[in-house]
Structure formats: structure tokens, C-alpha cells
Amino acid sequence: MKKLIAIGEALIDFIPGEKSKPIKNVSAFYPNVGGAPANVCGAFTKLGGKSEMITQLGNDPFGDKIIDEFEKYGIGHSYVSRTDKANTSLAFVALKENGNREFSFYRNPGADMLLSPESIKEEWFDEGYCLHFCSVSLGDFPMREAHKKAIEIALKKNMIVSFDPNIRLPLWKDKNKLREAVMEFMPLAHIVKISDEEIEFITGKKNVSDAKDILFRGNTKIVLYTKGAEGAEVYRKHDNGYSACEDVEAVDTTGAGDAFIGSFLYKMYENNITVESLNKIPVEILLNALDFSNRFCTISITRKGAIASYPDNFKEVLK
């Protein structure tokens with residue numbers, strides 16, 4: 001079985017015990033394992049796939065907690081290293097009335113940021129199906145170079161490369177540096193997921209149709225455009241499609257976008273989609289995958305947490 005490999009941050013999300021309060025007014029937080037790339041591994045694995053996470057954790061109890069959670073959900077951690085040079089990254093989250101979030105990160109630096117490119121081994125990718133990454137770990141620190149090496153190897157081995165910018169403005173002192181990093185790495189990916197909250201910041205345009213010349217550069221063949229309760233769209237250079245989203249009350253949107261892209265990548269794997277066939281897939285298959293990911297994501301936001309909130313099987317998603 002080929003596997004999804006994700007590189008980037010694995011951290012502890014401290015989820016508030018109370019909704020509709022800013023972080024400064026929350027009286028209690030509860031630790032949950034998170035980090036977008038780790039969440040994507042969780043979604044892929046819960047659907048029956050095999051995944052491996054490339055990251056670095058501190059030699060601390062929070063790092064132990066993350067490893068325990070990976071083992072619980074079957075996420076591979078053979079490529080996870082530990083260090084005494086920094087602690088495991090933490091993120092405190094507050095939930096607004098509409099389920100959206102406010103973040104405060106404790107990551108200056110975090111252990112994940114210090115992962116060196118020399119740590120990345122080519123043989124890790126021998127059975128790889130897809131490499132997924134985000135922008136949180138593309139700052140001016142060693143993990144950025146580790147990403148470059150991982151992407152280079154993945155492309156060499158003809159793996160699908162997937163990128164979710166997953167914009168986190170509080171982590172960047174210079175917002176232009178964030179935009180530049182996204183624009184540098186985005187053309188390396190075959191599949192790009194972008195949300196309605198991110199597209200204008202990244203491209204200067206308000207929708208995918210106007211931003212096509214910016215989004216479809218380099219390797220990019222598919223753009224997934226998520227719009228929260230308004231559903232999701234899929235674009236290729238020559239066609240597009242739309243999937244509506246079920247109306248539910250959002251309890252916690254943490255990891256929702258990761259649930260979407262993780263389940264979409266699983267549907268690509270299930271349908272034996274390769275780099276060469278991304279442009280040739282019948283649009284009906286893409287729309288089926290979009291519908292599935294919308295449903296998977298919708299279920300997740302009715303529960304607290306990230307990986308723990310994801311459906312455990314196809315039956316729950318398809319009912």
C-alpha cells in the first residue's frame with residue numbers, strides 16, 4: 001500500500017472550554033493533538049489509508065502526547081525526530097460565535113521549525129503516493145529547506161504533491177514574506193487547496209476565475225476552492241465543478257480544511273489517480289470526491305477537536 005507523507009508542524013492545539021470568547025477571556029483550555037499536516041495524515045488514515053508524518057518534536061510530555069495520538073490513530077511516526085533544542089509547539093485557540101478561530105502560538109522557536117534538510121531521507125519516499133505540505137513551516141528557519149528537499153524527492157519519484165497554504169498571519173512579522181513563500185512553493189504542487197478567506201491575500205483577486213493565471217503555474221493541475229458553508233469548487237485549466245455543503249451548526253472548525261484535503265487525497269488514491277492522470281480524470285470523479293470531502297468535513301465540524309472529530313469510516317460519511 002502506498003502512503004501519504006506530510007511534512008510540517010505537529011503541535012498541541014489548546015481548545016477553549018467556552019465558545020464566543022476571545023483568548024484573553026477563556027477560563028479553561030483542553031489540549032488536542034493538531035497541526036495541519038498531521039491532521040491531513042489523520043483524515044487519510046481514518047479512511048483506511050497509510051500515512052507518515054515528517055516533523056520534529058521536543059523531548060517533552062507534549063511531544064509524548066503527539067506520538068501517543070499518532071499511535072492511537074495509526075499515523076506513522078518513523079520519520080519523526082525529537083530534540084532538546086526547543087519544545088514542542090503549542091497553539092491556543094478561541095472559538096468565535098460562528099465557529100471560526102483566534103490563534104496564539106507558542107513557537108519561538110518550536111521543535112518542528114528546527115528540522116534540518118539533512119534529516120530527510122530519500123528512501124522514505126520509495127512507497128509514497130502523495131506529499132502534502134502547508135505554509136506554516138515555510139518561514140526563515142531550517143524546516144523550510146527540509147520542505148524543499150522533500151518536495152524535490154517527491155517530484156523525482158513521481159508522487160502527487162499537494163499544498164494547502166493554510167494562512168496563519170500571526171506567525172509572520174512580515175506579511176509580504178508569507179505571500180512570497182506561498183507564491184514560491186505553490187507552483188511546485190500538482191494540487192492546491194485554497195479557501196475563500198485566503199485567495200485575495202495570496203493572489204489579489206476575489207475568486208479563482210480571476211486568479212487562474214496566478215494559480216495555474218508550474219506543476220499545478222487542480223485547484224480546490226473551499227468556501228465554508230457555501231460549499232467547495234474544483235478547477236482545472238479546462239473545466240470546473242461545484243459541490244454544495246450540508247447546513248449544520250458548527251461546534252468547532254479546528255482542522256476542517258485539513259479534513260477536506262485529507263479526504264480528497266484519499267479519494268484520489270482510491271481511484272488510482274496519478275500525476276499523469278490528474279488532467280484526464282472525468283469531472284464526475286472529481287465532483288464525487290468533492291461531495292465526499294464536503295460530507296467528511298461537515299461531520300468533523302459538529303464535534304470538538306481535529307483528528308478526534310473526523311469520521312472513522314466510509315459508512316458514516318456515505319449514510
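Me: Is L171 buried, exposed or partly exposed?
Reply: Partly exposed. This is a predicted model, and in it L171 has a relative accessibility of 24%. Buried would need under 20%, and exposed over 50%, so L171 falls in between.

Me: Where does L171 sit?
Reply: L171 is in the loop between β9 (160–164) and α4 (175–185).

Me: What is L171 in contact with, leaving aside neighbours within four places in sequence?
Reply: With F105, R107 and V136.

Me: And how far is L171 from S51 in space?
Reply: They are 27 Å apart, C-alpha to C-alpha. In sequence, 120 residues separate L171 and S51.

Me: Next one. Where is N166?
Reply: N166 is in the loop between β9 and α4.

Me: Is N166 buried or exposed?
Reply: Buried. The relative accessible area of N166 is 9%, and the cut-off for buried is under 20%.

Me: Which residues is N166 in contact with, beyond four places in sequence?
Reply: A36, C134, S135, V136 and E198.

Me: How many residues of α1 are buried?
Reply: 11 of its 11 residues, so α1 is mostly covered.

Me: What comes after α1?
Reply: G48 follows α1. Its phi is positive, near 110°.

Me: At what angle do α1 and α7 pack?
Reply: About 45°, with the axes of α1 (residues 36–46) and α7 8 Å apart. Roughly parallel would take an angle under 35 degrees, and roughly perpendicular 65 to 115. The two helices are therefore oblique to each other.

Me: Is the crossing of α1 and α7 left-handed or right-handed?
Reply: Right-handed.

Me: Which residues make that contact?
Reply: On α1, they are A36, N39, V40, A43 and F44. On α7, they include D258, I261, L265 and Y269.

Me: Where else does Y269 turn up in a contact?
Reply: With K2. K2 is also in contact with K50, E127, G128 and Y129, leaving aside neighbours within four places in sequence.

Me: Where does K2 lie?
Reply: In the segment before β1 (3–7). K2 is partly exposed, with a relative accessible area of 41%.

Me: How far is K2 from S81?
Reply: 22 Å in space, C-alpha to C-alpha. K2 and S81 are 79 residues apart in sequence.

Me: Now the core. Which residues in the largest nonpolar core touch the most other members?
Reply: F70, I191, I222, L224, F264, L265 and M268. That core has 55 residues.

Me: Which helix gives the largest share of this core?
Reply: Helix α7 (residues 256–270), with nine residues.

Me: What is F70 in contact with, outside four places in sequence?
Reply: A10, V33, A38, M53, I75, G76, H77 and V80.

Me: How many residues are in the second core?
Reply: 42. It is separate, and includes L115, F133, A211 and V223.

Me: Last topic. How far does α8 reach?
Reply: Helix α8 (residues 283–300) spans 26 Å from its first C-alpha to its last. That is close to the 26 Å expected at 1.5 Å a residue.

Me: Which residues of α8 are buried?
Reply: Among them are L286, A289, L290, F292, S293 and F296.

Technical notes: Residues numbered from 1 in each chain as written. Predicted model: local features only at pLDDT ≥ 70, side-chain atom pairs only at ≥ 80, totals over all residues. Heavy atoms only, no water. Core = buried A, V, L, I, M, F, W, Y, C linked by side-chain atoms within 4.5 Å. Buried < 20%, exposed > 50% of the residue type's maximum accessible area, 1.4 Å probe, protein only. Helix = DSSP H or I, 4+ residues; strand = E, 2+ residues; numbered from the N terminus. Contact = heavy atoms within 4.5 Å. Expected span 1.5 Å × (residues − 1). Axes fitted to C-alpha atoms, helices over the stretch in contact; angles between N-to-C directions. Parallel < 35°, antiparallel > 145°, perpendicular 65-115°, else oblique. Left-handed = near helix turned anticlockwise from the far one by under 90°.
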